[in-house]
Amino acid sequence: MDLTGSHILNADTNRIWAMLMDTDTLARIVPGITRLEKTAENEYKAVAEIKMGPVSGSFSGGLTLQDIREGEGYTLHVKQSSKIGNADATIRIDLKPTDEGHTELVFDGGAKLSGLLARTGNRVMSGVAHTLTKQFFNNFEQEIETV
Amino acid sequence: MSNKYIGQSVRRTEDKRYITGKGRYTDDIKLVGMTHASFVRSPYAHARVISIDLSAAQNMPGVVAIFTGDDIKATGIVGVPTGWQVNFKNGDTMKEPPHPLLIATGSTSKHIGDPVAVVIAETYAAAVDASEAVEVEWEELDAVTDPFKAAQEGAALVHADAPGNLAFDWELGNPLSEVDEAIAQSAHVTSLEFVNQRMIPNAIEPRAYIGHYEEHIDKYTLYTSTQNPHLIRLLMCAFVLGLPEHKVRVLGPDVGGGFGSKIFHYTEEALVTWASKQINRPIKWTETRSEAFMLDAHGRDHVTKAEMGFDADGNVQALRIKTYANLGAYLSTFAPAVPTYLHGTLLQGLYTTPKIHIDLCGMFTHTVAVDAYRGAGRPEATYLLERLMDLAALEMGKDPVQLRKQNFIPAFNGVSEPGYQTQVALQYDSGNYQGVLDRGVEMLGYENFRQMQREAAQNGKLLGVGFSTYVEACGIAPSAVVGALGARAGLYESAQVRVQPTGKVSVYSGSHSHGQGHETTFAQVVADKLGIPMEDVDIIHGDSDAVAFGMGTYGSRSLAVGGSAIVKSIEKVLEKGAKIAAHKLECAEGDLEYAEGKWTVKGTDQSVSFGDVALTAYVPHVYPQGLEPGLDFSSFYDPANFTYPFGCHIAVVEVDTETGKVTLKRFIAVDDVGNVVNPMIVDGQIHGGLAQGIGQALLEGAIYDENGQLINGSYMDYAMPRADDLPMFELDRQETPCPHNPLGVKGAGEAGCIGSTPAVVNAVIDALWSGGHPVKDIRMPLTPERVWRAMQS
Amino acid sequence: MAKITVKVNGKVYSHEVEPRLLLAHYLREVLSLTGTHIGCDTSSCGSCTIHLDGQSVKSCSMLAVQADGCEITTIEGLAPSGSELHPLQEGFKECHGLQCGFCTTGMIMSAADFLQSNPDPSEEQIRHALEGNFCRCTGYHNIVKSVQWAAQKMKEDKAVTA
Ligand code: FES
Ligand code: FES
């Protein structure tokens with residue numbers, strides 16, 4: 001399953017970058033995340049609850065930041081398992097400054113699904129991914145407003 | 001003897017229990033103390049089991065026991081076998097890696113759903129809860145799912161000891177050099193590269209098993225949704241669990257459809273049987289539909305290149321085939337036979353093709369096993385031949401009906417005219433191929449069709465007609481022949497006819513009915529042969545303790561083989577009955593004739609009834625000297641040959657040029673399945689087969705993604721034909737008797753599924769050509785998107 | 001556990017059930033009415049169709065607790081009192097509308113509900129009405145005929161009693 005898209009956020013690159021590197025912020029903006037613990041440098045343990053039509057379950061697993069390019073982006077590797085199947089996603093995130101102190105966040109990657117998630121979820125997964133992405137950016141924007 | 005029942009559409013006697021909800025399928029059965037099983041399955045197509053942690057699951061409420069692959073391994077149980085051996089071209093034995101009941105730690109799963117552990121609990125819900133609490137650590141590995149890709153350098157390996165993922169390579173027919181030569185000499189060669197996609201059988205009853213070990217009598221009972229209880233007992237006892245057969249009873253109660261998928265011996269059958277002894281309680285397992293999609297053996301899945309050479313007049317000169325057949329991860333019960341002896345041997349079709357060669361690779365992939373699915377090999381052969389025929393006609397500008405006729409094997413009855421010896425090992429029994437085609441063409445009203453087609457095209461509508469004429473091989477088959485071809489069992493059938501003292505008759509058949517209506521058709525045969533009312537006949541099947549032996553029901557064999565065994569036993573009954581009757585009537589046996597349920601002294605009105613003779617046999621006061629009492633005979637019938645039904649299927653479709661949507665307007669089927677005992681039931685068999693064949697052409701097909709995940713494993717994702725996807729079918733019949741069995745029957749279970757698929761695809765191709773889109777192939781299923789894309793190219 | 005009271009085929013039952021128990025399982029496991037079959041886990045096949053307060057419902061798509069206080073008819077209770085078979089049951093036998101019988105009970109229950117509101121259906125309407133019920137054996141041809149046969153029979157019966 002492909003995961004690609006972009007969004008313009010109302011803050012400058014430095015601020016976005018700081019938020020993306022902060023565990024607490026990430027835990028707040030990534031949809032479904034109920035716990036995010038740092039286990040090592042750039043490595044986290046994540047627990048997520050996702051409920052969306054046939055895709056509902058609690059996921060747990062690891063989250064790693066790789067290929068960190070200070071202020072420019074990183075590659076996010078998420079490995080989550082659940083009773084309804086496992087997801088293994090690699091997403092490259094790039095930050096591009098645009099005019100007036102805005103930042104374009106571009107992401108590009110894909111996820112490998114298995115188990116029930118792959119079998120009955122595929123039909124709706126792209127819709128689910130779409131919704132989750134939207135939630136992510138909504139949360140992000142809110143976070144920018146409030147902090 | 002005049003027939004009262006044979007040939008009549010007698011309403012089915014078994015229906016009453018089904019329509020009132022009193023059918024008794026395996027999942028309906030409850031035993032005292034019964035537990036329930038749920039499996040822990042691999043979420044990956046290919047992954048190593050690093051560790052299994054049962055600690056959380058073990059303490060969950062209601063859990064009775066948990067067994068893992070390591071437990072099974074410790075017992076020395078290796079796994080379930082295959083029933084057919086095919087050798088490599090060089091004579092080496094095929095690769096036959098073990099198919100374990102559960103995967104042990106350190107080993108790898110080989111398709112999604114491969115089980116690692118089984119949880120047994122007081123209730124099904126408790127078993128499912130606990131199975132979800134079993135923690136398995138996996139190391140995911142690369143997978144391959146496509147048979148052609150599996151053969152390429154660098155493809156992920158399914159079994160370490162099967163290099164190149166090759167289970168076997170195989171060839172059949174004339175020497176390749178001769179075929180190459182004939183193709184090279186041909187004036188026209190039609191070639192086609194295509195995929196015969198993977199089908200999921202989808203019997204509506206999911207598989208269900210109950211294993212029950214009773215310590216006090218040291219006996220196992222297995223209730224199973226199977227097509228062949230005795231074969232399951234044989235395989236499980238002799239090859240899997242090493243149990244003494246007389247201590248194992250296998251029951252196949254009402255079974256909700258099979259279509260091949262319930263022939264095979266599955267790991268879960270052996271597992272519940274084995275585990276039942278470990279916990280000393282009955283264990284039930286019923287699969288979910290999700291499991292059925294993942295685990296019931298799939299069908300078809302060939303990647304093929306086919307070439308057919310013609311001379312300048314359109315006479316077929318040669319056929320050359322290269323096929324990669326997907327066998328899945330493990331060799332299922334009949335798997336090696338399907339692409340070889342049930343496919344390669346049918347490539348003569350109904351044509352006089354003088355030179356034929358097939359070269360085939362049986363491939364392992366990280367997918368569930370592929371085995372016989374309705375038609376098993378013969379639909380693949382027919383698809384190939386009939387697609388080539390219609391396409392060749394389009395390419396050469398010839399009429400597809402005419403092209404077939406000029407290449408047909410001339411009619412032969414197999415009695416005064418010999419059978420037809422093919423280039424690919426088989427000898428056809430009897431046939432009249434032009435007869436069915438002529439009748440089909442007549443029903444279609446072909447003379448007006450092309451005109452209509454042109455007019456439609458002018459009005460922006462694409463109409464198409466597709467033809468398909470097939471011959472298939474049923475009633476599998478002479479044991480000596482199949483044995484020589486690698487079958488590890490005989491393929492006869494047994495039947496016992498037990499005449500009760502009052503003249504009522506109990507018939508024990510080794511065939512198994514799961515929708516075919518044996519309880520009715522067999523009783524029709526028995527009642528007519530004995531001249532007694534059908535109500536006096538009871539058919540018993542599906543119980544290995546009651547029935548002497550049996551090879552079960554598949555390959556359209558029940559009436560041809562099982563029915564013939566019954567007839568043999570009836571002959572024995574009548575022979576002995578005549579001795580008793582002669583004694584009673586004080587005449588010689590030769591003076592008697594048997595009709596309408598009584599023996600009559602020829603030319604007199606002196607007679608004795610069947611019931612009288614039966615009573616005398618059991619109360620032998622006045623009785624022939626030296627004759628044993630009783631009237632009860634068993635027979636085994638081993639057929640002399642396969643039977644060869646044939647027919648003509650014609651599809652008319654309309655293709656929407658805007659959307660690519662195909663509407664099936666008409667479907668005509670003229671089948672010749674030999675003599676017919678119950679026309680209503682035969683028509684029903686054809687209808688069902690047609691729906692499955694049409695389903696393959698237009699709707700169905702399993703989709704694995706590149707990681708080996710089955711991504712359309714539910715009814716929401718896999719398109720099975722629904723009531724509004726199909727038209728009313730137009731059927732007719734021709735009857736060319738089978739010359740080598742006593743009933744003259746050939747078999748009707750698969751015919752519909754064999755002829756229909758290419759007819760539909762040919763019709764769509766024909767429609768596209770008529771609209772100026774000369775495409776050779778569209779990959780099945782012919783979804784609107786694919787058809788639309790084909791029109792754009 | 002939750003307590004439910006239901007009337008099934010004219011008889012009243014009260015049971016303590018687990019809140020997650022599906023109605024289909026309640027009928028099969030608790031009441032032993034095994035004529036209601038289960039063919040899937042996505043509410044797609046229709047094998048489990050019953051009548052709930054007179055309307056056809058897939059009994060795998062609801063919980064037993066949701067049926068509390070309802071009146072249920074299953075295939076075992078479909079035949080009108082005094083006759084052995086419902087016209088649809090007769091029709092399926094007469095027209096060979098079943099082979100393995102597994103889809104049949106759900107098919108008949110769906111068709112029964114449909115004929116109540118469509119006593120004189122066309123072939124197309126019948127096919128459309130049964131679209132939620134899978135049959136893998138019959139190709140639907142004889143199922144359509146069975147429903148037509150029953151519709152005709154019900155009309156005749158009505159004419160007689162009218
Ligand atoms: S079991 Fe209810 S719809 Fe399939
Ligand atoms: S009769 Fe077998 S599924 Fe319908």
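Predicted model: local features only at pLDDT ≥ 70, side-chain atom pairs only at ≥ 80, totals over all residues.
## Which chains meet

Two pairs of chains touch, and the pair with the most contacts is that of chains B and C. Chain A and chain C do not touch, and their nearest C-alpha atoms lie 9 Å apart.

The size of an interface is often expressed as the accessible area that is lost when the parts come together. Values of this kind are given below for both interfaces.

## The interface of chains B and C

In this interface, 50 residues of chain C are in contact with 53 residues of chain B. The two chains bury about 4,400 Å² between them, and 55% of this area is on carbon and sulfur atoms. Three residues, Lys93(C), Phe134(C) and Arg136(C), supply 20% of the area that chain C buries against chain B, which is more than any other three residues supply.

On the side of chain C that touches chain B, at least two residues come from each of the helices α1 (23-30), α2 (87-94), α3 (104-117), α4 (123-129) and α5 (141-161) of chain C. Sorted by class, this side of chain C has 16 nonpolar, 21 polar and 13 charged residues.

## The interface of chains A and B

Chain A contributes twelve residues to its contact with chain B, and chain B contributes 17 residues. About 1,200 Å² is buried between the two chains, 47% of it on carbon and sulfur atoms.

One salt bridge is found across this interface. The side chains of Lys112(A) and Glu140(B) form a salt bridge, with a distance of 3.4 Å from N to O. Two residue pairs are in polar contact between chain A and chain B, both residues being at pLDDT 80 or more. The elements of chain A that give two or more residues to the side touching chain B are β7 (103-113), α3 (116-119) and α4 (122-146). Of these, α3(A) gives the most, with three residues. The residues on this side of chain A divide into three nonpolar, five polar and four charged.

## The sheet of chain B

Strands of a sheet pair through backbone hydrogen bonds, in either a parallel or an antiparallel sense. Chain B has an open sheet of seven strands in the order β3-β5-β1-β12-β9-β10-β11, and the pairing is mixed. At the edges are β3 (63-68) and β11 (248-251) of chain B, each of which pairs on one side only. From one strand to the next, the twist averages 20°.

One pairing in chain B is that of strand β1 (residues 35-41) with strand β5 (residues 115-121), which is antiparallel and extends over six bridges. Arg41(B) has Pro115(B) as its bridge partner in β5(B).

## Helices against the sheet

Helix α7 (residues 229-241) of chain B packs on the sheet and touches β10 (219-224) and β11 of chain B. The direction of α7(B) makes about 145° with that of β11(B).

Helix α8 (residues 267-279) of chain B lies across β1, β3, β5, β9 (208-214), β10 and β12 (283-286) of chain B. Relative to β9(B), helix α8(B) runs at about 30°.

Methods: Residues numbered from 1 in each chain as written. Chains lettered and ligands numbered in written order. Heavy atoms only, no water. Contact = heavy atoms within 4.5 Å. Buried area = accessible area lost by both parts, 1.4 Å probe. Salt bridge = Lys/Arg side-chain N within 4 Å of Asp/Glu carboxyl O. Polar contact = N/O pair within 3.5 Å; in protein donor to acceptor, adjacent residues only side chain to side chain. Helix = DSSP H or I, 4+ residues; strand = E, 2+ residues; numbered from the N terminus. Nonpolar A, V, L, I, M, F, W, Y, C, P; charged D, E, K, R; others polar. Pairing = 2+ DSSP bridges. Axes fitted to C-alpha atoms, helices over the stretch in contact; angles between N-to-C directions.
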